[in-house]
Structure formats: C-alpha cells, structure tokens
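This briefing covers one protein chain, starting with a single residue and then moving to the chain as a whole. The sequence and structure are shown first.

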Amino acid sequence: MKKLVVFAGLILLCTLAQAQGGSDSGTSAGITIVPRVDFNPVFYGGTEKEVTLGNSSLYSLFEGNITDNLSFSVCNHWLSSEPKSLYQNTWHSDDVSWCDWANLTYSFGNFYVTAGKDMVSMGGFEFDQYDFDVHPDLCSSLWNNFSCYQWGGKFGFMNEDETQGISLQLTSSPYSVRPFGDGLMTYSLQYSGSYGPLSLLYSTNLVGNGDGYDWLVTLGHAIEAGDFTFVLDASNKVSDEYAILRNGVSAYATAVYNPSDNWEFLLRGGIDHASTDIQERQGDLVFVNSPAYDSYTFGGAAHWFPLKDSRDLRLHAVAAYNTGMDMLSLTVGAIYYLSFPRK
C-alpha cells in the first residue's frame, strides 16, 4: 500500500510541476508509465521445457526540473515476474529492488553533480538502455548478474554541444548486502564521445569486494550507417551465479536495422569467457565450485510499432540461444509507453 501511495504522489507532483511550468519556465516534470507483458517458453537440452513471464514488468520514469540548474530523475520497478523479491530487497545493494534510481543533479556551466541512487558508470552501450526495453536472454552475463544501481555521487563535465563528456563517481559496492556495508565502495571513471557516425562509451571501475578491488574495464563502440547501427561492447570480466565478477572476457556485437518508423530488426551475438576456476578451501582440501567456461549467446528480435506517427506501443518477437545453459528461449510480448502530460 505504501508503494501505491508513493506512486500516486508522483503523479500529483508531476501535475503540480507541469502547472507551475506555465508561469515558470525553470520548473517542469513528466512521468512515463511502462507496462510490459511477455510470454516466454524456454527449452533446455532440446527436451526440458518451462514457460516464464520473461521480462514482464511495470515501471515508471519520473523526471523534471526543479529550477534552471536543479533536476531530478526517479525510476521505479513496481512489478516483475518475481515481484516479492523487489520489495524484500529494499535498501539492498546486492540485488535489484523496486527503486532502480532516485537522484538530484545540479548543473553549473559545463559541470554537474549528481547525488542519490544511480546507475554505476559501467558497461558499454548495453547498460545505456532502459531495463524495460531490453531482452535479458540476449544480454551479457554482466548485465544479468551485476547489481548496477547503487547509492553515491558523481561529478561530471559535458562540452557545449554535448559531444564529449567525462565523469568521476563514487558509489556503494554490489559485494555488500547493504549500501556501504563493511566500507565497500566502487570508484568509476567514464568517458563518452561522439565523432560523427561513431560513438564511444568507455568506462573503468574499481569494485570493492572485501579483499581488495576487482578492476572492470568496458569499451563500447557504436557506428551509424544509414538505416543500420552496429555496436560492439567488450569487458575484461564476466559475471555468474557463483561470483559477481570473474576474470575473463565478455564481448557482444549487435546489428540494428530500421527500415521504417514502424519496424526494427536486431541481430546479436557474443561470448562470456571465464578464464579461471572458482575454488573453495576447506582445511587441506581445495574444491572447484565453478570451472572456467565459454558461453556463447546469439539470436535476434523483431520490433513492430503499429501506431501511426508514434512508437508508444511496441510488439516484439525474440529468439535467443545460450550454449552454456544449452537453452533456447522464445519470447513474444508487448510494451507500452504512457507519458504524462500527453503530447
């Protein structure tokens, strides 16, 4: 019930802020409600089958300006295929919760400071998308297992035409159960650049793990060529159920084709390579909990936007195969973006 009251309060604040915007150009706000429904049969080894709800979810995105220099952004994850865990994980840093992020940003000149809960400045263009838009079975092990929403602050610079930017960030670590538990921190440096059709998103992170730091480096590249966009993200770490970060290589390539405003086609493939075993010592004995592995993921998606002159409604069909789990995943679904105020 408390979460519903918060949700109603956000809509009320949006309405009030928009009303103020009529007389004060520095104040404005908008909210987008995003329901998604998926039907997802999954086949293991060609015989075993289960049917899941895929990435079915309910999100809201509430953003706006309080003054000319002060803005806010709140993303709430109200429902998922396992909604109970979202609310059990409130104030957890080791897993997702009903609040993805909630932060304030103060801008002065070409500089800005952000404080609150935010996404760790990590990953390439894969992490640059909204969670409700992506297809998890086509995502890397890092995207699926690293808890990227953490509390902290960021200081950044963006040039006048917003083609070059750099930021420094300090946040809690996903290795602690609670934010900043045991003094664990994550330090991040990220660069974004646009050079005509080429875009770069480079990041490096020191992630506190209790015994020191894991060093994560990700290089993201995107090239636009007419109706096509090609993306390559590569990292020096992988992630799985045994460890948040493991030594290895993660590399994913994506090709997106937009033949019209109503259609979008996506092909994606990549590898998660864990280069070392995970071992556990008990007395004089050493056990290998998880050996090194290579897991390939490949597949594609078709997106159809049936509404005229609008991409508010998306229907999608997705197929993905993962060699590590010998899993074939098929998904059909729909997502709708309901924005207030309406355009």
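**Surroundings of E264**

Leaving aside residues up to four places away in sequence, E264 touches V256, Y257, N258, A301, A302, H303, F305 and R311. The model is predicted.

**Position of E264**

- Strand β14, which covers residues 263–274, contains E264.
- E264 has a relative accessibility of 17%, and because buried means under 20%, E264 counts as buried.
- H316 lies 52 residues from E264 along the chain, and the C-alpha atoms of the two are separated by 9.5 Å.

**Fold and dimensions**

- The protein chain has 3 helices and 20 strands.
- Its radius of gyration is 21 Å, close to the 20 Å given by the globule rule for 343 residues, so the protein chain is as compact as a globular protein of that length.
- The C-alpha trace of the protein chain spans about 70 × 50 × 45 Å along its principal axes.

**Packing and contacts**

- In the protein chain, 41% of the 343 residues count as buried.
- Taking contacts between residues at least 6 apart in sequence, 52% join residues at least 24 apart.

**Surface and charge**

- The protein chain has an accessible surface of about 17500 Å², and carbon and sulfur atoms account for 61% of that surface.
- There are 37 negative and 17 positive side chains in the protein chain.
- The centres of these two sets of side chains lie 7 Å apart.

Definitions and conventions
Residues are numbered from 1 along each chain as its sequence is written. This is a predicted model: local features need pLDDT of at least 70, side-chain atom pairs count only at pLDDT 80 or more; totals for chains, interfaces and linings use all residues. Side-chain values use heavy atoms; hydrogens and water are left out. Helices (H or I, at least four residues) and strands (E, at least two) are DSSP runs, numbered from the N terminus. The radius of gyration is taken over C-alpha atoms; the globule rule is 2.2 Å times the number of residues to the power 0.38. Buried means under 20% relative accessible area, exposed over 50%, partly exposed in between (1.4 Å probe, protein chains only). Contact means heavy atoms within 4.5 Å. Accessible areas come from the Shrake-Rupley method with a 1.4 Å probe; for residues, only the protein chains shown count as cover. Lys and Arg count as positive and Asp and Glu as negative; His and the chain ends are not counted. The place of a charge is taken as NZ of Lys, CZ of Arg, CG of Asp or CD of Glu.
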